[in-house]
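Open the model in your viewer and keep the selection tool at hand. We will go stop by stop.

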Amino acid sequence: MSRLVVLEFEDNDVAEGFVKLLNSGGFEFTTQVAAIAGAHAEVVKVIAKPTQFCTCNVEYSVKNFGKSRRYGWTVHIKCKKPTEEWSKTHNISQAYDLLPEMRKTHDTDSGNG
Ligand SMILES: [Zn+2]
C-alpha cells in the first residue's frame, strides 16, 4: 500500500514550478522541494493507495463489491482488494481522507490531544 498526498498551493505559478521541479529530479532536488513545500504548500488530503489488487475475475456488481471500512476503497467482498482498474481511475479520489486521523494521532503523540 502507498499514500497519495494532495498539496494545496495559494499561488498557481509556485505550484506549477513545484511540479516541474519534482519531475526534473535536478541538483539540490531534495532541499529545494522541501523549501518550496514548507513555505507554500499545505497538505489537504492523504489517501491510502492500493498496491495489491483483486484477481478473482468476478463480475463488478453491488453483490460482489462494497466500500471498505478503513480506506473507503471499493473492494471485492471476498478478497477485500480493489480492482486495478478501480485504482487507476479517478475513483481513488473517493477514498477516505486519512489526514484528520493522522492529525489526531500526531496530537496525541505530542501530548496536545
Ligand atoms: Zn477478489
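Start with helix H1. Select residues 12-24 to see H1. From first C-alpha to last, H1 reaches 18 Å, close to the 18 Å expected at 1.5 Å a residue. Keep in mind that this is a predicted model.

**Zoom out**

Now show the whole protein chain. The chain has four helices and four strands. Trace them along the sequence and the pattern reads β-α-α-β-β-β-α-α. Of the 113 residues, 10% count as buried. Look at contacts with a separation of 6 or more: residues 24 or more positions apart account for 61% of them.

**The core**

Which residues make up the largest nonpolar core? Select Ile-47, Phe-65, Trp-73, Val-75 and Ala-95; these five residues form that core. In soluble globular proteins, nonpolar side chains tend to be buried together.

Stay on Trp-73. Leaving out residues up to four places away in sequence, Trp-73 touches Pro-50, Ser-68, Pro-82 and Ala-95. Ala-95 is also one of the five core residues.

**Tyr-71**

Next, select Tyr-71. This residue sits in the loop between strand S3 (65-67) and strand S4 (74-76). Is Tyr-71 buried, exposed or partly exposed? It is partly exposed, because 17 other C-beta atoms lie within 10 Å, and buried would take 20 or more.

Show the contacts of Tyr-71. Not counting residues up to four places away in sequence, Tyr-71 touches Ala-48, Ala-95 and Tyr-96. Then draw a distance from Tyr-71 to Leu-98, C-alpha to C-alpha. The two are 27 residues apart in sequence and 7.9 Å apart in space.

Most residues other than glycine have a negative phi.

Select Asn-57, in the loop between strand S2 (41-49) and S3. Phi of Asn-57 is near 60°, a positive value.

Finish at Lys-80, in the loop between S4 and helix H3 (84-88). Phi of Lys-80 is near 65°, again a positive value in a residue other than glycine. How many other C-beta atoms lie within 10 Å of Lys-80? The count is 13, so Lys-80 is partly exposed.

Note on methods. Residues are numbered from 1 along each chain as its sequence is written. This is a predicted model: local features need pLDDT of at least 70, side-chain atom pairs count only at pLDDT 80 or more; totals for chains, interfaces and linings use all residues. A nonpolar core is a set of buried Ala, Val, Leu, Ile, Met, Phe, Trp, Tyr and Cys residues joined through C-beta atoms within 7 Å. A residue is buried if 20 or more other C-beta atoms lie within 10 Å of its own, exposed if 12 or fewer, and partly exposed in between; C-beta atoms are placed from the backbone. Two residues are in contact if their C-beta atoms, placed from the backbone, lie within 7 Å. Helices (H or I, at least four residues) and strands (E, at least two) are DSSP runs, numbered from the N terminus. The expected span of a helix is 1.5 Å times one less than its number of residues.
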